[in-house]
Amino acid sequence: MKPKAIWLLLISLSLLGLLPGTAGAYSYGNANTEALAESFKVVAAKLAAEPPDWKSAQAAYEERRAEIKLHFGAGVVTELTSAFEAQDRDRVIADMLATLVLNIERRFKYAQDSFADYNQAKLLLAKSRATYETLKPYLTGKLAETQIGELDADYEKALGALGNPGLFGAGKKEPDQALFERTLAEIDGALSPLFPPQGAMIGSVPEDEGAAEATPAASSPAGTAGGSPSSQGGQDKTNPVVTIAVLGGVAVVAGLAVWATRRRRSR
């Protein structure tokens, strides 16, 4: 196959979303969303109403309750439930912000454990960033704008540290695990003191602690916030139908490239 035909194939694969690259940095599955963060947005919006809609806010929390207990422990659920029962708006928001930080830390842990698997680590980093973006509005007044900008830059730095396996050698970039881990530690070090755990949350032990990591961001029975993949299934696993369709697309593109090359030779 001539170089021109090879480039045609690479461009086509890129259009199919198969060529790794920074342009699709957070494009894997539902990488741009995190169910726990989405539930927090609902809670915050309902409690911002006047008067606060406690029924709807608590319903949004209850959807994540089993998941929160699994990933962060009974103590976190005890504190959150108590805050809702007391209908203390500030306490609920503070508790949920602290839980979002715990979720970022959990994603970081599994991203480091999965560092050798580019796609998994990238997805986990994206999930943590989706949580961070939800937390971001609450950083105002706690951090200067320049510090918030540095956190944004740190996420980009961590993404770059994952490297890039490339495709057929194109776009390959070597990973830097030390930089990756150092950058995640810097992000966590900046966020965790701002939203510390409260009450029974302190010292809470996750139920899934020590469980084997099998898949990066699978869904729990309560939703898709993700967690210890050994306790979850499905959402981020490969869809056989999609896989077959993609492989079929690749075969068609490759066939067209070969046909075009042969046609040029016959002229």
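Me: Are F115 and F180 buried or exposed?
Reply: This is a predicted model, where local features need pLDDT of at least 70, side-chain atom pairs count only at pLDDT 80 or more, and totals for chains, interfaces and linings use all residues. Residues are numbered from 1 along each chain as its sequence is written, and side-chain values use heavy atoms, without hydrogens and water. Relative accessible area under 20% means buried, over 50% exposed, and in between partly exposed (1.4 Å probe, protein chains only). By that rule F115 and F180 are both buried.

Me: Which kind of ring pair do F115 and F180 form?
Reply: Rings of Phe, Tyr and Trp (its six-membered ring) pair if their centres lie within 6.5 Å; planes under 30 degrees apart are stacked, over 60 edge-to-face, and the rest tilted. The centres of F115 and F180 are 5.2 Å apart and their planes are at 45°, so the pair is tilted.

Me: Which kind of pair do F40 and Y138 form?
Reply: F40 is buried, at 2% relative accessibility, while Y138 is partly exposed at 28%. Their ring centres are 5.5 Å apart and the planes stand at 70°, so the pair is edge-to-face.

Me: Which residues have the most contacts inside the largest nonpolar core?
Reply: A nonpolar core is a set of buried Ala, Val, Leu, Ile, Met, Phe, Trp, Tyr and Cys residues joined through side-chain atoms within 4.5 Å. The largest one has 50 residues, and those with the most contacts inside it are L125 and F180.
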